[in-house]
Amino acid sequence: MSYTYILINFFTVIICFVASFDRRIQFNKLFGKFLLSSTIVAIPFIIWDIWFTARGVWWFDLNYTLGFKIAGLPVEEWLFFYCIPFSCVFTYYCLEKFFNMNVANALNNLIVFTSAIVLSVVGLLYYDRIYTLLTVIVTLFTLCYLHFIAKKEWIGKASFVYLVLMPGFFAVNGILTGSLIPSPVVNYNPEEFLGIRMTTIPVEDAVYGYSQFLLNIYFFKKITKNEK
């Protein structure tokens with residue numbers, strides 16, 4: 001039981017890690033740059049995580065962890081911010097390398113403006129729920145920065161890849177939130193989020209993951225200068 005969270009991280013990353021050494025992919029040559037880009041993204045999200053844990057917005061069942069904590073977070077939670085982005089960025093890298101997905105970029109405006117409207121309405125209606133509100137703010141900022149300031153044309157393509165990653169999202173986050181195990185690894189204060197769950201997963205988790213995914217792609221591309 002104490003190995004549950006560490007095994008989730010391990011099985012999330014192991015197939016992508018091994019495949020990284022394939023001579024057709026050679027993602028292993030980018031490990032250092034990935035670590036740098038993922039750390040840039042991880043820092044604010046970890047601070048967010050530490051703050052929310054301290055406030056009781058969410059908390060961890062330590063029976064599912066090895067018992068080691070850093071700044072109030074299980075060590076497995078720290079690894080989460082590298083293992084999940086690794087698999088996501090690797091998947092995006094491979095799909096972009098072997099397939100032409102540029103047609104999805106025609107949806108950039110639709111994705112950004114629709115998301116902005118929906119997120120703004122949700123934020124205004126549920127401003128008193130801190131997880132919902134902060135998720136709305138971070139995702140709005142991410143989309144607006146990428147679209148209007150950085151002027152990135154790959155938002156549609158990245159959004160499509162995020163949909164491709166959804167089965168993995170449901171598997172990983174489903175277990176963490178209580179699917180297939182007796183009780184959740186991560187527990188949420190019902191007063192701090194909408195209460196809408198996809199199976200056992202708060203809908204905020206999917207939006208939170210989307211912004212984190214987009215930022216990881218952005219900094220990975222920026223550092224590797226892999227914009228083509």
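I take a strand to be a DSSP run of E of at least two residues, numbered from the N terminus. I note at the outset that this is a predicted model.

**Entry 1. P74**

With that definition I looked up P74 and found it in strand β3, residues 73-74. Is P74 buried or exposed? I record a relative accessible area of 1% for P74; the cut-off for buried is under 20%, so P74 is buried. I then listed the contacts of P74, setting aside neighbours within four places in sequence, and found F60, L62, T65, F68 and K69. I also checked one separation: the C-alpha atoms of P74 and R23 are 36 Å from each other, and the two residues are 51 apart along the chain.

**Entry 2. N187**

I located N187 in strand β4. Which residues does N187 touch, once neighbours within four places in sequence are left aside? I found V57, W58, W59 and D61 in contact with N187. I note that β1 comprises residues 58-60 and β4 residues 186-188, and that each of these strands supplies at least two residues of the lining of the largest pocket.

**Entry 3. The nonpolar core**

I looked up the largest nonpolar core and recorded 63 residues in it. The residues with the most contacts inside this core are F27, W58, Y131, W154, L176, F213 and L214. Helix α3, residues 75-98, is the element that gives the most to the core, with twelve residues.

I recorded a volume of about 600 Å³ for the largest pocket. Of its 34 lining residues, I found F80, I84, F169, V172 and N173 closest to the centre. Which element gives the most to this lining? It is α3, with eight residues. Other elements that each supply at least two lining residues include α1 (4-19), α7 (166-176) and α8 (203-224).

For the second largest pocket I recorded about 520 Å³ of space. Its lining has 23 residues, and those nearest the centre are S115, Y162, A206, V207 and Y210. I found that α4 (108-125), α5, α6 and α8 give two or more residues to this lining. The lining of the second largest pocket divides into 16 nonpolar residues, six polar and one charged.

**Entry 4. Helix α8**

I next examined α8, which has 22 residues. From its first C-alpha to its last, α8 reaches 32 Å, close to the 32 Å expected at 1.5 Å a residue. Why do I describe α8 as largely enclosed by the rest of the structure? I do so because 17 of its 22 residues are buried. K225 follows α8 and has a positive phi, near 55°.

K151 has a positive phi, near 55°, and lies in the loop between α5 (130-149) and α6 (155-164). The cut-off for exposed is over 50%; with a relative accessible area of 60%, K151 is therefore exposed.

T199 also has a positive phi, of about 55°. I placed T199 in the loop between β5 (197-198) and β6 (201-202). T199 counts as exposed because its relative accessibility is 61%.

Definitions and conventions. Residues numbered from 1 in each chain as written. Predicted model: local features only at pLDDT ≥ 70, side-chain atom pairs only at ≥ 80, totals over all residues. Heavy atoms only, no water. Helix = DSSP H or I, 4+ residues; strand = E, 2+ residues; numbered from the N terminus. Buried < 20%, exposed > 50% of the residue type's maximum accessible area, 1.4 Å probe, protein only. Core = buried A, V, L, I, M, F, W, Y, C linked by side-chain atoms within 4.5 Å. 1 Å grid on protein atoms, 1.4 Å probe; cavity = no way out; pocket = protein on both sides within 12 Å on 5 of 7 lines; lining within 4 Å. Points joined across faces, edges and corners; volume = space filled by probe spheres on them. Nonpolar A, V, L, I, M, F, W, Y, C, P; charged D, E, K, R; others polar. Expected span 1.5 Å × (residues − 1). Contact = heavy atoms within 4.5 Å.
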